[in-house]
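Good morning, and thank you for coming.

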Amino acid sequence: MGFENLFLGFSIAITPYNIFVAVIGILLGTIIGVLPGLGGANGVAILLPLTFTMPPTSAIILLTSLYWGALFGGAITSILFNIPGEPWSVATTFDGYPMARQGQGGQALTAAFTSSFVGALFSIVLITLFAPLLAEIALKFGPPEFFAIQLLTFSSFVGLGGGNPLKSLVSILLGFILAAVGLDIVTGQLRMTFGFTELMKGFDFIVAVIGLFGIGEILLSVEDGLHFHGARTGMKLAVVLETWKVLPRYWRTFVRGAFIGFWMGFKPGGATPASFMSYAFAKRFSKRADRFGKGEIEGVIAPETAAHAAGVAAMLPMITLGIPGSPTAAVMLGGLIIWGLQPGPMLFKEKPDFVWGLIASMYTGNILGVAMVLAFVPLFAAILRIPFAILTPLIVVVCAIGSYAVHNSIIDVWYMLIFGVVGYVFKKLDYPLAPLVLALVLGDLAENALRQSLIMSQGSLGIFFVRPISGAIMAVAVFFFLLPVLTPWWRRRRQGTPPPVASTAARH
Amino acid sequence: MRAADVVTALALILVGVIVIVDVLQLGIGWGLEGPESGFFPFWLAVAMVVAALAILLQALRQATARPFVTAAKLRPVLAVLAPATAMVVVMEVLGLYVASALYMAFYMRWVGRHPWSTIVVLSVGVPIVTFVVFEKWFLVPMPKGPFEAWLGF
């Protein structure tokens, strides 16, 4: 086992410049996580153009630190303002906001940050141990295996994502179609450009992310005329230490949450179900189950541990297989390609300094992150007290700058507005946006894997099923795709009654 | 809600059909170097049309009273969207810095009714900070217009 690799990583992550980059990343990330309309994925997308001139390792440290910051920031708004910044912080509001209303905001925040840290650390340790092994296995993969894994990625959105499976499917397909617009790099032909030269470049996923998540979210949040009802909080060292004294009592909740988070997290779209699942388990096993929803600290620990364990675990398939587990990881993967790195298992062989620098920076970034958010909570919470009519145009301008900077073209700013409207409509109609973005990023890779596989087999789709590894993955993928059809049928057989719709609806 | 669902499904079907028509000309079969250009998009579009048709049928069968958006809720949405669109139009002529300053000033005054002092400080300050960070530190150029040319940049 290569501990020398991890030491190599730390020697890169702990240089003054990279520590500085991490601090900036966490700071910006937390602000982004607190602001409505900005989250991990579009925060990373907006900053991506600024990293083009940086060394790749520092660039990825900046972006991952931003991601940790955004994860921490989500907890602040959930607890103090009852606004879940991200879908996976919804469960944190159940008990976090009541605690803050009862004057226990400091305790709730300390518990949330500490649980986030524990969950993240658990996943990082597992990544350190398993990533090299997984990459080793993945080195033997050919195009059919990679295509099978991509299919598995998307099947899990349809089968496990909750909501309407047809709408998930349409989101995926639309993402792939948008990815195919422009020059076909294999044959050199133009596809779906309809004679417009602007369409030759195709749609950039960065612009799509900024529009769909950023502008779309802003439009959605102004609908209700946003009036924040924030609970005020003071963060004192005594409160932090007091809470830390209590937390070890809940070690079972921590362990359960971390395992659920990691297990759900390295599959795409896993963080949200993981946080709800962890909350439900904690409530079920708790002696104080009746206190849940009224301000029980365990109800904060459970979802936060799981959500962060899942958020970090989403990085595992990105660095080992080149397949992102979350929209944010998808944007980072796009960054890797722009920095001239080939995502996938070869990274461990060709760029060990990059991979291990990244893994080591996950430790340092999360340690720095938890210290920073604990120290500066009142400052971050103050951001939401800025009047709404100032925040809104500021966020729109930041989004426009980010979109323009990708290719230095104003047409991208127009695309951003269009994607914003699409995001608004899709969100309201429950079309999930994450699979669309993932498909847009992975489109070319998936199509190439499919084409190469078909060339290998001279046009027969059987190749995906006869090779043992891809066959096994395909079987799981097909099972996930069929799950929405199988589940109601299975329920009917067992109960003889129509299935309750509430169980899937509650996940939103 | 139902009407919006139906319209969206119809729009998706339309997109799918346009894609199918376009890629049929590229060829969707087997070429000299394996699958032709239109192969992958064709099957994607076919699947999308089928899925969108199914969504359309679902939407037609269920009736919900909840409206997609009420007039009261649409107003603030358009209040963000319309000036933002105007900003991009202005950006084409005057550059990003002037356009964003005008946009922020307009929105803060029109929607927020903030005092002019706040408006001037923010709508001048933010573009200056942006200029320093992007043009000077990270060397990422933003679109500039006659105003920046007059200042000598």
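In this model, 63 residues of chain B are in contact with 57 residues of chain A, contact meaning heavy atoms within 4.5 Å. The model is a predicted one: local features need pLDDT of at least 70, side-chain atom pairs count only at pLDDT 80 or more, and totals for chains, interfaces and linings use all residues. Residues are numbered from 1 along each chain as its sequence is written, chains are lettered from A and ligands numbered from 1 in the order in which they are written, and side-chain values use heavy atoms, with hydrogens and water left out.

How much area do chain B and chain A bury between them? The figure is about 5,300 Å², with 80% of it on carbon and sulfur atoms; buried area is the accessible area (1.4 Å probe) that two parts lose on being put together, summed over both. B:Ser37, B:Phe40 and B:Phe68 supply 11% of the area that chain B buries against chain A, more than any other three residues.

Between the two chains the count is one salt bridge, that is, a side-chain nitrogen of Lys or Arg within 4 Å of a carboxyl oxygen of Asp or Glu. B:Asp5 and A:Lys167 form this kind of link through their side chains, at 3.1 Å, N to O.

Let us turn to chain A. Helix H1, residues 3-13, has as its buried residues A:Leu6, A:Gly9, A:Ile12 and A:Ala13 (buried is under 20% relative accessible area, exposed over 50%, partly exposed in between; 1.4 Å probe, protein chains only). Seen down the axis of H1(A), these buried residues fall within an arc of 115°, so they line one face of the helix. On the other side of H1(A), A:Glu4 and A:Phe7 are exposed.

Technical notes:
Helices (H or I, at least four residues) and strands (E, at least two) are DSSP runs, numbered from the N terminus. The arc is that of the directions from the helix axis to the C-beta atoms.
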